[in-house]
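Let's take a friendly walk through this structure. Keep the 3D view open while you read, and look up each residue as it comes along.

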Amino acid sequence: MMLRTIQVRLPAIRDRAYAIQIAPGLFARVPQLLVRQWKSAVFHIIADSTVSRLYGGALRRAVQRLGAKALLYEFPAGEESKCQAVADALHTALLTEQIRRQDLVVALGGGVTGDLAGYVAATILRGVQFVQVPTTLLSQVDSSVGGKVGIDHPLGKNLVGAFHQPRAVFVDPHLLGTLPLRQFRSGVAEILKIALALDGRLYRDMERHVHRLNPGKEDFLAGVISRAISLKAAVVTKDGFESGLRKSLNLGHTIGHAVEAASSYSLLHGEAVAIGMACEARLSRELGLMTEEETRRLLTLLKKVGLPTTIPRSIERGAVRKALQLDKKGEGAVIKFVLPAGAGRCAIGMTVPDHILAEVV
Ligand SMILES: NC(=O)c1ccc[n+]([C@@H]2O[C@H](COP(=O)([O-])OP(=O)(O)OC[C@H]3O[C@@H](n4cnc5c(N)ncnc54)[C@H](O)[C@@H]3O)[C@@H](O)[C@H]2O)c1
Ligand SMILES: [Zn+2]
């Protein structure tokens, strides 16, 4: 098994460096790795209903076969579970099982599970350690890196939470074999985003081998995933909190978030980001940041992956514009964009004249 390891060292918590390990087939070795490193811990595995059925039972049994105690907690799959009521229920279940500070929470699942289980781990007993075993492409390249954990609030998504770094992250592309194709492609959109913003070489690799961007090509995927993770880790390490370089990760997201909200979340996040990238590339073309050719290449790549490049007819343009007006991030009256400026480059803090924005959206 070819194992890739990425060390994440956050400046503020140097003693808390942790490793992200990536390899096809790594999941089978996770029980051993856990039991070896956390000798006296009880393992509290948290998974949604779908992932619990596919992988949760197997993980729990494998840990138990090694002589350790493992418990499995299940919550209903879906974004709706990223809420205070489910967090409360998990707190109650963990306390009922008398979780101790030396125990370990294992977040097994997609971004919803990582955010929710991470939040529960951050808050129970004022914080217990946790590890991530991300099972969606989006969570493998994005949400499991950076330490943001949290839940949604009736007033908005991701409004309640904390920074709580995992002690380890185990990434196995083999787990993506059971993921619905739409979910898989949504994850590819986030990888494309980071490549377009920061890494021309990764971008061209994805362009050249676009047919290998599928769940069956585990070795190719492992390479692409680890590159994307390294980039995100480098960005969050340079400035762990919301500023500077980290803003480049918002490429495609200003318009993406607006389209996602206007679709009442019928679009997956990655699909909305793909539309956001395509629209923002058109803005870049209008502003002279990208050539016609570069813009066309991006649109072709998105289409080949099977991602949308235009706002679906079913979504009201007015709703998108309204959502965009809300997306000002408190910086006065103008919207600040992160715009693509060719493969691997982006321009931060860009403003766009209203008539160009109106034309593209
Ligand atoms: N913390 C961060 O930095 C960060 C970054 C980006 C996104 N997020 C959050 O991530 C969430 C989205 O994550 P997601 O897209 O992974 O959603 P998700 O966790 O809901 O997973 C999507 C669906 O796939 C299923 N699934 C997961 N793994 C599977 C597998 N291997 N096989 C079959 N089915 C599987 C799940 O049960 C679920 O129904 C959002 O809540 C978002 O806010 C967080
Ligand atoms: Zn995103």
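## Contacts with ligand 1

Let's begin at ligand 1: one of its oxygen atoms has a backbone N or O atom of Gly 111 sitting 2.7 Å away. Keep in mind that this is a predicted model. Val 112 also uses its backbone here, with an N or O atom 3.0 Å from an oxygen atom of ligand 1. With Thr 135, look at the side chain instead: a polar atom there lies 2.7 Å from a nitrogen atom of ligand 1.

How much of ligand 1 does the protein bury? Taken alone, ligand 1 exposes 870 Å², and 85% of that is buried by the protein.

## The shell around ligand 1

Ligand 1 is surrounded by 26 residues, and the closest are Asp 48, Glu 79, Thr 135, Thr 136 and Thr 178. Sort the shell by type and you get 9 nonpolar, 9 polar and 8 charged residues.

Which elements each supply at least two residues of this shell? They are helix 2, helix 4 (111-123), helix 5 (137-143) and strand 8 (156-163). Helix 2 gives the largest share, with 4 residues.

## The zinc ion

Next stop: ligand 2, a zinc ion. Glu 190 (OE), His 253 (NE2) and His 269 (NE2) coordinate the zinc ion, at 1.9 to 2.1 Å. Along the chain, these donors follow the spacing E-x62-H-x15-H. Glu 190 belongs to helix 6 (residues 181-198) and His 269 to helix 10 (residues 269-287), so this pair links distant parts of the chain, 79 residues apart.

## A pair of rings

One last thing to find. To describe two aromatic rings, you use the distance of their centres and the angle of their planes. The count here is 1 aromatic pair. The partners are Phe 27 and Tyr 55, with ring centres 5.7 Å apart and planes at 75 degrees, so the pair is edge-to-face.

Where do the partners sit? Phe 27 is in the loop between strand 2 (18-22) and helix 1 (30-37), while Tyr 55 is in helix 2 (residues 49-65). They are 28 residues apart, and the pair links distant parts of the chain. Both Phe 27 and Tyr 55 are buried.

Definitions and conventions: Residues numbered from 1 in each chain as written. Chains lettered and ligands numbered in written order. Predicted model: local features only at pLDDT ≥ 70, side-chain atom pairs only at ≥ 80, totals over all residues. Heavy atoms only, no water. Phe/Tyr/Trp six-rings, centres within 6.5 Å; stacked < 30°, edge-to-face > 60°. Buried < 20%, exposed > 50% of the residue type's maximum accessible area, 1.4 Å probe, protein only. Near = heavy atom within 4 Å. Polar contact = N/O pair within 3.5 Å; in protein donor to acceptor, adjacent residues only side chain to side chain. Areas by Shrake-Rupley, 256 points an atom, 1.4 Å probe, with all protein chains shown as cover. Nonpolar A, V, L, I, M, F, W, Y, C, P; charged D, E, K, R; others polar. Donors = N, O, S within 2.8 Å, 3.2 Å for Na, K, Ca; no water.
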